[in-house]
Amino acid sequence: MAYAIQVNGEVREVDVESDTPLLWVLRDVCGLTGTKFGCGVALCGACTVHVDGHARRSCVMPVASVGSAAVTTIEALHEGPVGRALQRAWRELDVVQCGYCQSGQLMSAAALLAANPHPTRADIDAGMSGNICRCGTYKRIRAGIVMAAGFLAEGGAS
């Protein structure tokens, strides 16, 4: 069945089964491989994308449920100030270790900061609780979110 989904500001025509997870549509049909497959059951957060600005696990979201919602992937994260602030903080703090989970971590962090530009430690822990990092970079991820919030408070991340 054909679907027209809006991904990173572009409408894309995809011809897939209605129950095809959004993750596979993004990776295999659209060629956007920044979103990663982790557990396949929405427990690890590696597949996190934004759907109308909310962090969603694309591995369990059927393409038929996307409808007219705007999907944003890691490939478009740099297009907004929150994404740029997070990317700058990630680079400055050298957050990444192996990097596999980081696209999902960044998408969850961006959704958190968009909804709460001044998160407390508890807010960060709650907002990031569904994202697993096998390398254990949680301390640097938390510091990166705090740093990015500081960049945003100063007026940007450029």
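User: I'm looking at G80. Is G80 buried, partly exposed or exposed, and how do I tell?

Analyst: Start with the relative accessible area. Under 20% counts as buried, over 50% as exposed, and anything in between as partly exposed. In this predicted model, G80 has a relative accessible area of 23%, so G80 is partly exposed. You'll find G80 in the loop between β5 (70-72) and α2.

User: Which helix does A89 lie in, and is A89 buried or exposed?

Analyst: A89 sits in helix α2. With a relative accessible area of 0%, A89 falls under the 20% cut-off, so A89 is buried.

User: What is A89 in contact with, apart from its neighbours in sequence?

Analyst: Here you skip the residues within four places in sequence and see what remains. For A89 that leaves V95, G144, M147, A148 and F151.

User: How many residues are in the largest nonpolar core, and which elements give two or more residues to it?

Analyst: A core is a set of buried nonpolar residues joined through their side chains. The largest one here has 21 residues, and L86, W90, L113 and I145 have the most contacts inside it. The elements giving two or more residues to this core are α2 (81-93), α3 (102-115) and α5 (138-153). Helix α3 supplies the largest share, six residues.

User: What does L113 touch?

Analyst: Leaving out residues up to four places away in sequence, L113 touches V82, L86, P119, I145, A148, A149 and L152. There's also a second, separate core of 17 residues, which includes L22, C30, M61 and V63.

User: Which residues of α1 are buried, and what do they pack against?

Analyst: To read a helix, sort its residues by how covered they are. The buried residues of α1 are L22, L23, V25 and L26. They pack against β1 (2-7), β2 (10-15), β3 (48-51) and β5. W24 also lies in α1 (residues 22-29), but W24 is partly exposed, with a relative accessible area of 30%. Just after α1, G31 takes a positive phi of about 75°.

User: Which residues make the nonpolar surface patch?

Analyst: W24 turns up again: together with F37 and Y100, W24 makes a nonpolar surface patch of about 280 Å².

Note on methods:
Residues are numbered from 1 along each chain as its sequence is written. This is a predicted model: local features need pLDDT of at least 70, side-chain atom pairs count only at pLDDT 80 or more; totals for chains, interfaces and linings use all residues. Side-chain values use heavy atoms; hydrogens and water are left out. A nonpolar core is a set of buried Ala, Val, Leu, Ile, Met, Phe, Trp, Tyr and Cys residues joined through side-chain atoms within 4.5 Å. Buried means under 20% relative accessible area, exposed over 50%, partly exposed in between (1.4 Å probe, protein chains only). Helices (H or I, at least four residues) and strands (E, at least two) are DSSP runs, numbered from the N terminus. Contact means heavy atoms within 4.5 Å. Patches are made of residues with over 30% relative accessible area and no salt bridge: like charges are joined within 9 Å, nonpolar side chains (Val, Leu, Ile, Met, Phe, Trp, Tyr) within 5 Å. Accessible areas come from the Shrake-Rupley method with a 1.4 Å probe; for residues, only the protein chains shown count as cover. A salt bridge is a side-chain nitrogen of Lys or Arg within 4 Å of a carboxyl oxygen of Asp or Glu.
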